[in-house]
Amino acid sequence: MIESNLLSLSYGRIVRKDITTSDGLLPESFETYQIVDRDDVVFRFTDLQNDKRSLRSALVAERGIITSAYVAVRPKDVEPRFFAYVMRAWDLSKVFYGLGGGVRQSLKFADVARLPVLLPSPGEQRAIADYLDRETAQIDTLIAKQQRLIATLRERRVSAVRSGVTGTFLPGSRRRTTSRFFPDLPDDWRLVPLRRLGDSKAGSGFPPHLQGRTDLELPFFKVKHLAAADSEGLLSVADDYVSRETAAALRATVFPAGTVVYAKVGAALMLGRVRTLATASCLDNNMAGFMPRSDLVGRFLHHAMATIAFDYLVNPGAVPSLSDKNMMAMEIPVPSETVQRAAVDWIDEQTARIDTLIQKSERLIELSQERRAALITAAVTGQIDVRKAA
């Protein structure tokens, strides 16, 4: 414990972590951690079978400690930055995933120690590293700007949805003070508990051998799918499917299109994700579906429920949960059906513009990342004459 600067490998970078945090993700003791120094290269060679998208190597920028589960290498007779870029090129080419073994596919240094590395002269190594430092810094700056823009656009999207479900888009409406979550509504809008607006039912469990084939009629959604909806919050494509006959035999609820679904158990609750079924579907038993009455516009209900922070409804504990009592007590603003449709149309118009801008920024980030990867690979393999490029 002669060092206390805690480091971690995250998204291809070595970052600092707070050694005093109490989030439960750190060990009780750091005595088994290894000390790394500036210009060391760290590899995460564990669980290679689980994740083939992560970046598993990075150059250390400062002295500190890092878990001994990582392999730390101290370059010798090679420019450390050049070596780190070569390893990043290997990383991007997925070289490491074809190596290793075991149930939890992993590598030791001995497994990679004899892999050949092409080395130009020391001067060329430094020139390539300088070139890549400069070029990737420009790309990283562009990516960071686009990420900030996306964050701003998403905040604007949330604000637009809230304006729609609270009627602030309506010109000249008289307003009144109402509830904690909808404190400013038009005079003629009511706040109605969810239990008076429709019916809620929990999903059902299906044995694994009864789910899976895509030619079956009913998509079978699980909590993980809440993060995979389209920009409108619609759930349409599942990993597994079940038959109507199986659902009937197990007395499982078949939820109609337009049902608003949400998690009942797990960490996804705290994100407050609310989705709408695009087609008749079944849900697993960690989810529930709310089927609105006929005079309630489903998309309006979806937007209204999505604006509420679920954390005040959730029962805390080792596994967060949401009781039917708490959920059904949630109060939703309800204008006339005509105003509901007008609000949905207004929200759709506003969010469509924002979503287009978000998609453009995400595409630019994707292209920039591809260019960064191609640039690194080309430079360390001699496909770019950095003297001319400079």
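I began with the contacts of Thr136. Leaving out residues up to four places away in sequence, I found that Thr136 touches Tyr85, Arg372 and Ile376. I noted that this is a predicted model.

Next I asked: is Thr136 buried or exposed? Its relative accessibility is 3%. The cut-off for buried is under 20%, so Thr136 counts as buried.

Then I looked up where Thr136 sits. I found Thr136 in helix H3. Helix H3 has 44 residues. I checked its reach from first C-alpha to last and got 64 Å. That is close to the 64 Å expected at 1.5 Å a residue. I also looked past the end of the helix. Gly167 follows H3, and the phi of Gly167 is positive, near 75 degrees.

I turned to the largest pocket. About 1,400 Å³ of space lies in it. I wrote down how such space is found: rolling a probe the size of a water molecule over the atoms shows where empty space is left.

Which residues lie nearest the centre of the largest pocket? I listed Tyr11, Gly12, Arg13, Leu55 and Arg88, out of 35 lining residues. By type, the lining divides into 15 nonpolar, 7 polar and 13 charged residues.

Which elements each supply at least two residues of this lining? I noted strands E1 (7-10), E2 (13-16) and E5 (57-59). The helices are H1 (80-92), H3 (122-165) and H7 (337-380). The largest share of the lining comes from H3, with 6 residues.

How values were computed
Residues numbered from 1 in each chain as written. Predicted model: local features only at pLDDT ≥ 70, side-chain atom pairs only at ≥ 80, totals over all residues. Heavy atoms only, no water. 1 Å grid on protein atoms, 1.4 Å probe; cavity = no way out; pocket = protein on both sides within 12 Å on 5 of 7 lines; lining within 4 Å. Points joined across faces, edges and corners; volume = space filled by probe spheres on them. Helix = DSSP H or I, 4+ residues; strand = E, 2+ residues; numbered from the N terminus. Nonpolar A, V, L, I, M, F, W, Y, C, P; charged D, E, K, R; others polar. Expected span 1.5 Å × (residues − 1). Buried < 20%, exposed > 50% of the residue type's maximum accessible area, 1.4 Å probe, protein only. Contact = heavy atoms within 4.5 Å.
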